Amino acid sequence: MQSTLVSVCIGTAPPPRLDKALARDVPEDAALSRTRLARLIADGSVQVNGAPVTDPKARVAEGDVVEITVQQAAESHIGAEDIALSVVFEDDDLIVIDKPAGMVVHPAPGSPGGTLVNALLHHFGGTLSGVGGSKRPGIVHRIDKDTSGLLVVAKSDRAHHGLAAQFEKHTAERAYLALCNGVPDPGDPRLNGVRGVSFEPGAVLKITTQLARHKTDRQKQAVLFQGGRHAVTRARVLESFGTPGVAALVECRLETGRTHQIRVHMAHVGHGLIGDPVYGGRRKVSQKALPAAAVAAVRVFPRQALHAATLGFVHPVSGEPLRFDAPLPQDFAGLLETLRG
């Protein structure tokens with residue numbers, strides 16, 4: 001496998017750790033994230049002043065010369081498949097896709113094909129980001145299989161590096177539309193007693209917890225308050241349905257982007273998403289609370305009612321601010337209209 005050599009001279013007042021110093025000083029066009037740099041250090045691909053260093057916490061000083069051996073990206077083992085894509089935007093560096101519900105983003109055990117990555121490999125025709133050591137579409141964030149909506153994919157290493165940095169720093173805008181059981185109301189005394197809950201101006205519900213894999217069900221995430229990864233979701237009610245409030249259309253905005261974050265956070269506060277089979281969103285709806293057609297539609301909705309509606313970020317190459325909106329898919333829109341009617 002071919003490799004390239006990236007040479008870095010550590011600048012003035014460097015951070016004390018090697019990985020942090022390299023993240024600051026490595027040339028931008030090398031497209032090496034801090035995570036990738038840490039992996040290269042651990043793999044023995046980094047030398048400081050001619051001596052191999054495998055500890056990312058190793059100290060460096062101004063003027064140190066660091067050489068990084070970067071292996072050329074290996075060909076992906078994932079096959080290209082001719083699957084139709086809803087392309088919202090595309091240029092030489094990135095593509096924005098409106099993903100349908102039911103499509104897995106990346107192949108995994110149980111979903112070896114038919115994924116967004118398989119479709120992208122065919123669509124790109126070989127022009128792929130090699131970040132991470134293999135030629136593959138530059139997935140920088142994901143949405144669940146049964147969640148619809150927007151995600152951005154890098155086509156170049158430079159774009160991958162720049163987009164990943166924005167998602168890591170939580171500067172990308174991500175807004176979701178969801179239908180939840182019940183109506184999150186600032187006046188509800190029960191909500192005010194839920195740990196991790198607060199309210200911001202405009203009746204915005206803020207949920208702040210830690211998230212980690214569930215101890216007994218590894219397919220689920222669980223709310224913690226020690227350990228795990230920091231997670232913040234904000235939810236605002238747009239419409240409510242039924243008397244008393246049986247369901248609500250909410251806008252959820254992610255400050256962080258953890259696995260299942262909106263679904264597990266809304267369940268934590270007692271307002272699980274309609275149709276969610278994992279986090280208890282299939283609550284029994286009273287026949288008296290909604291019209292019969294709406295009750296039936298809620299009971300049979302086959303997935304979590306969640307749609308990635310808005311995505312905004314700064315183009316990692318041109319620096320242009322970009323913002324995209326995706327209309328509700330037919331099943332979500334139909335359920336919403338039934339609730340309204």
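Mentor: Buried means under 20% relative accessible area. Keep that cut-off in mind; the model is predicted.

Trainee: Why is Ser45 called buried?

Mentor: Its relative accessibility is 17%. The limit is under 20%. Therefore Ser45 counts as buried.

Trainee: Where is Ser45 found?

Mentor: Ser45 sits in the loop that links helix 2 (34-42) to strand 2 (46-48).

Trainee: What does Ser45 touch, leaving aside residues up to four places away in sequence?

Mentor: Leu40, Glu67, Ile68 and Thr69. Contact requires heavy atoms within 4.5 Å.

Trainee: Now the largest nonpolar core. Which residues touch the most other members?

Mentor: Leu120, Tyr176, Ile262 and Met266, out of 33 residues. Among the elements that each supply at least two residues are strand 6 (94-99), strand 9 (173-181) and helix 6 (261-268). Helix 3 gives the most, with five residues.

Trainee: What does Met266 touch, not counting residues up to four places away in sequence?

Mentor: The list includes Cys180, Ile207, Val250 and Cys252. Pro184, His271 and Gly272 are on it too. Apart from this core lies another, of 21 residues, including Leu177 and Phe241.

Trainee: What makes the approach of the Ser318 side chain to Glu320 a polar contact?

Mentor: The side chain of Ser318 reaches the backbone nitrogen of Glu320 at 3.2 Å. The cut-off is within 3.5 Å for a pair of N or O atoms. Therefore the pair qualifies on distance.

Trainee: Where is Ser318, and how many residues separate Ser318 from His122 along the chain?

Mentor: Ser318 is in the loop between strand 15 and strand 16 (321-325). His122 is 196 residues apart from Ser318 along the chain, with 26 Å between their C-alpha atoms.

Definitions and conventions: Residues are numbered from 1 along each chain as its sequence is written. This is a predicted model: local features need pLDDT of at least 70, side-chain atom pairs count only at pLDDT 80 or more; totals for chains, interfaces and linings use all residues. Side-chain values use heavy atoms; hydrogens and water are left out. Helices (H or I, at least four residues) and strands (E, at least two) are DSSP runs, numbered from the N terminus. Buried means under 20% relative accessible area, exposed over 50%, partly exposed in between (1.4 Å probe, protein chains only). A nonpolar core is a set of buried Ala, Val, Leu, Ile, Met, Phe, Trp, Tyr and Cys residues joined through side-chain atoms within 4.5 Å. A polar contact is a pair of N or O atoms within 3.5 Å; within protein, one must be able to donate a hydrogen and the other to accept it, and residues adjacent in sequence count only if both atoms are side-chain atoms.
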